[in-house]
Amino acid sequence: MKTLAVCSGGLDSVSLAHMVAAEHELTGLLSFDYGQRHRKELGFAALCAERLKVPHQIIDLREIGRGLSGSALTDSFDVPDGHYAEDTMKITVVPNRNAIMFAIAFGLAATHKAEAVAAAVHGGDHFIYPDCRPAFIEAFQTMQDRALDGYAQIRLYAPYVNLGKADIVADGARYGTPFAETWSCYKGGVRHCGRCGTCVERREAFHLAGHADPTDYEDADFWLEALRRRRA
């Protein structure tokens, strides 16, 4: 299956890229610069493409990103600390982000005769992000089937959509993903903060998967407090 992978440079998408490269034909990586404060992740996507020896394209969506205000990822709001599944994390939603990115990816995939677009949306995203849920994936596939009818048949390949991040860590380890060469932190500092939702989820996922976490966190123990607070 000739597959174009959407790759942010995060743990999920880099793991997916390694899996696709091993099991299918990875034709390239596609990343998006939408003005995200953690845009340093794009450098990790470039490293992944270099490692897997495939082309890497970054689509400039910064002008669109400036219009998608109200998110801590594109505005000056503080990124909240805490567990990924807390209501406070909804401030990290960028409206219609995946719909916009996937539509572009499908257009490029059709142009280059790819058979699939791979995306690393996963079960842990369902609580916060509506465009990561199974219903969205199914509806988007239906829409693209109509949009490309008679021109191309492209599958939205989302193997993690019903799995958790610990499953992705296990899968990434199986395919030799260098986890230290991925970026998750929404704050985009020099080191992973260890306190934002993506850092807490990342730290928890390695723990649940029973795999050593090579990530350098500013606060490596906060995830335990975040878990206790969520359970309480």
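Q: Is Gln144 buried or exposed?
A: In this predicted model, Gln144 is part of helix H5, residues 134–147. Buried means a relative accessible area under 20%. Gln144 has a relative accessible area of 7%, so the residue is buried.

Q: Which residues is Gln144 in contact with, leaving aside its neighbours within four places in sequence?
A: Gln144 sits in helix H5. With the neighbours within four places in sequence left aside, the contacts of Gln144 are Ala103 and Phe106.

Q: Met143 also needs a class; what does Met143 count as?
A: Met143 lies in helix H5. Buried ends under 20% and exposed starts over 50%, with partly exposed in between. The relative accessibility of Met143 is 37%, so Met143 counts as partly exposed.

Q: How many Å apart in space are Met143 and Arg155, C-alpha to C-alpha?
A: Met143 belongs to helix H5. Met143 and Arg155 are 12 residues apart in sequence, and their C-alpha atoms are separated in space by 11 Å.

Q: Which residues of helix H8 are buried?
A: Helix H8 covers residues 222–231. The cut-off for buried is under 20% relative accessible area. The residues of H8 that are buried are Phe222, Trp223, Ala226 and Leu227.

Q: Why are the buried residues of H8 on the same side of the helix?
A: The residues concerned are Phe222, Trp223, Ala226 and Leu227. They lie on the same side of H8 because they cover an arc around the axis of only 140°. In general, an α-helix has 3.6 residues a turn, so residues three or four places apart point the same way.

Q: Which exposed residues does the face of H8 turned away from its buried side carry?
A: The buried side of H8 holds Phe222, Trp223, Ala226 and Leu227. On the face turned away from that side, the exposed residues are Arg228 and Arg231.

Q: Which helix is included in what covers the buried residues of H8?
A: The buried residues of H8 include Trp223 and Leu227. Among what covers the buried residues of H8 is the helix with residues 197–209, H7.

Q: Where is Asp219, and which residues does Asp219 touch, not counting residues up to four places away in sequence?
A: Asp219 is in the loop between H7 and H8. Its relative accessible area is 25%, so Asp219 is partly exposed. Between Asp219 and Val200 there are 9.9 Å in space, C-alpha to C-alpha, and 19 residues in sequence. Not counting residues up to four places away in sequence, Asp219 touches Cys193, Gly194 and Arg195.

Q: What value is phi of Lys53 near?
A: Lys53 is in the loop between helix H2 (41–52) and strand S3 (56–60). Lys53 is exposed, with a relative accessible area of 73%. Its phi is positive in a residue other than glycine, near 60°.

Q: In which loop does Lys113 lie?
A: Phi of Lys113 is near 60°, a positive value in a residue other than glycine. Lys113 is exposed, at a relative accessible area of 56%. The loop of Lys113 is the one between helix H4 (97–111) and strand S4 (116–118).

Q: How many Å apart in space are His112 and Thr27, C-alpha to C-alpha?
A: His112 is in the loop between H4 and S4. With a relative accessible area of 62%, His112 is exposed. His112 and Thr27 are 85 residues apart in sequence, and C-alpha to C-alpha they are apart in space by 9.1 Å.

Q: How many Å apart in space are Ala22 and Gly176, C-alpha to C-alpha?
A: Ala22 is found in helix H1, residues 11–23. Ala22 counts as exposed, at 52% relative accessibility. Ala22 and Gly176 are 154 residues apart in sequence, and the C-alpha to C-alpha separation in space is 9.9 Å.

Q: What is the radius of gyration of the protein?
A: The protein has 8 helices and 5 strands. The globule rule gives 17 Å for 232 residues, and the radius of gyration is close to that, so the protein is as compact as a globular protein of that length. The radius of gyration of the protein is 17 Å.

Note on methods. Residues are numbered from 1 along each chain as its sequence is written. This is a predicted model: local features need pLDDT of at least 70, side-chain atom pairs count only at pLDDT 80 or more; totals for chains, interfaces and linings use all residues. Side-chain values use heavy atoms; hydrogens and water are left out. Buried means under 20% relative accessible area, exposed over 50%, partly exposed in between (1.4 Å probe, protein chains only). Helices (H or I, at least four residues) and strands (E, at least two) are DSSP runs, numbered from the N terminus. The arc is that of the directions from the helix axis to the C-beta atoms. Contact means heavy atoms within 4.5 Å. The radius of gyration is taken over C-alpha atoms; the globule rule is 2.2 Å times the number of residues to the power 0.38.
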